[in-house]
Amino acid sequence: MNFKRFAVVGRSIALAVLVLSSQVWVRQLSAKAQSPTLSSREAFASKQAVKQQGSARNICPAQLGQAIDAIANRPEYRRYRWGMLIQTLSSSQILYSRDAQQYFTPASNVKLFTTAVALNQLGSQFRIRTSVYGSNGVLRVVGRGDPSLTDAQLKDLAQQLKRQGISQVQQLIVHDDYFQGPIVNVNWQWEDVASDYGAPVNSLILNQNAIEMTLLPQKLGQPLKFTWNDPLAASQWQVENYSVTAKNGSESTVAVTGVLGKPVLQIWGELAANSEPESVGLAVRDPAENFLRHFQTALELEGISIAQAMLAPSHKSIDQPELATVESPPLSQILIDTNQPSNNLYAEVLLRTIGAIEKPNIPNQNTAEMGLEVLKKTLTEMGVEPESYVIEDGSGLSRHNLVSPLALVQLLKAMAQSPQAEIYRASLPVAGVSGTLKNRFKNTAAQGIVLAKTGTMGGVSTLSGYVDVPGYETVIFSIMLNQYDRPAKKMRPAIDEIVLLLSRLRRC
């Protein structure tokens, strides 16, 4: 098939960043930096740490500060930075404050801001529409950044076209510039951009712009076998396989690395012959091209032939009729899909969407930057002090983000008092029940009453949200731990102990 490509604003720069950033992947699927859940071992450690409080008595507000200090001031934490602010929702009484106005790296706590502003600006029933326009043998696909789009929706679009009697298409034109500017944030680290959790953000997202490579052991001494979950993915990469199948019981040292500046993957290390397969999640290299190829395949499977397929800039207005369309779930569900698993792609889409809608049809503008302008303006209107945060992306993946506990508590209070309070709260992980808190606080007093957003990256653990304390009242909290050199699983039990103290608050 003859593919003809036109330049799209920002595409060449963004693709260059993607290729240059393909330096290192090391079993990324099991180490997603922004959305980790607690493993069974970590959960056990957390339970052990909080069992000591299981039979503890209730805590008066006046006793809380001393109890928290006893945790945060332990010798093992003396070199690390704690930031905290805890206050009641109804009276705004400050129960505890520790460097609450200072900046900390928030990690995925940034998603609290992004989802709140999106809900405020777009409304809970907002949906993202993907359209196919056409006439006279020409089909134009216009994407608006639906992060939930999968091959199933492409099949739906193809079937809609088939029902209208379309069997031949002279030109299939894909317009991928509803979002303008680079498709990856220039402040993200290279290894993040290469991973599935740092997938590029464009206007026509498919399968979350991620692919999966599975590594399987073979006979002793043989290279590992690798397979793709996407049959079209193999054409994106040249794979150099330097791995080997090791003897039973050997420690896994397998790694997948990229070659700087080239579409090349290298597989290194060993995997024991009796090991389970290991998977690596990778970002799609060229998401627009990936979408085009998948949609062309979907059309051909429905018996619709394509003479020519291409990427092209969209026109200011398309005067052809809309022949087929699919829509995302409502924003209320998108917020759940963002905050519960801490999905970076969804959060970045929301940031760009509020920018694109607030300032439509502005050529040669960075949609993400426009979204940040809307975000900052809206947060100020909500009562969040403008000097209490610096936000550079929608997901928290950038280490240039700086947020104070004060800003997070101000945001959480504003949302709790807004008409959208229940929708916003419903998007948050619930302790011991759902999302990234599913395996934390199980079988403790906090289970089911803590709704909070996690944040984790190297040297950063954060947790901010609400505690609906029985016999007391709802408490808003933000706990931020930065600049540590130990694994995050060693830090979380201390944060959990502090939250458990809040669950024991009583009026006295």
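**Close-up views of a predicted model**

View 1. Leu154 sits in helix α5 (residues 151-163). Helices here are DSSP runs of H or I with at least four residues, strands are E runs of at least two, and both are numbered from the N terminus. The model is predicted: local features need pLDDT of at least 70, side-chain atom pairs count only at pLDDT 80 or more, and totals for chains, interfaces and linings use all residues. Residues are numbered from 1 along each chain as its sequence is written, and side-chain values use heavy atoms, with hydrogens and water left out. Leu154 is buried, at 0% relative accessible area. Buried means under 20% relative accessible area, exposed means over 50%, and partly exposed lies in between (1.4 Å probe, protein chains only). Not counting residues up to four places away in sequence, Leu154 touches Leu149, Leu206, Phe291, His294, Phe295 and Ala298. Contact means heavy atoms within 4.5 Å. Gln296 is 142 residues from Leu154 in sequence, yet the two are 9.3 Å apart in space, C-alpha to C-alpha.

**View 2. Helices α3 and α13.** The axes of α3 (residues 61-72) and α13 (residues 488-503) come within 10 Å and cross at roughly 165°. Axes are lines fitted to C-alpha atoms, for helices over the stretch in contact; angles run from 0 to 180 degrees between N-to-C directions. The two helices are therefore roughly antiparallel, a term for angles over 145 degrees. From α3, Leu64, Ala67, Ile68 and Ile71 meet Ala494, Glu497, Ile498, Leu501 and Leu502 of α13. By class, this contact has eight nonpolar, no polar and one charged residues. Nonpolar covers Ala, Val, Leu, Ile, Met, Phe, Trp, Tyr, Cys and Pro; charged covers Asp, Glu, Lys and Arg; the others, Gly among them, are polar.

**View 3. Aromatic rings.** Rings of Phe, Tyr and Trp (its six-membered ring) pair if their centres lie within 6.5 Å; planes under 30 degrees apart are stacked, over 60 edge-to-face, and the rest tilted. The count comes to seven aromatic pairs. Tyr178 and Phe179 form a tilted pair, 5.5 Å centre to centre with 40° between the planes. Tyr178 is partly exposed at 29% relative accessible area. Phe179 is buried, at 6%. Elsewhere, Tyr77, Tyr80, Trp82 and Tyr484 form one aromatic cluster.

**View 4. The whole chain.** The protein chain has 13 helices and 24 strands. Of its 508 residues, 57% count as buried. Among contacts with a separation of 6 or more, residues 24 or more positions apart account for 74%.

Notes:
Parallel < 35°, antiparallel > 145°, perpendicular 65-115°, else oblique.
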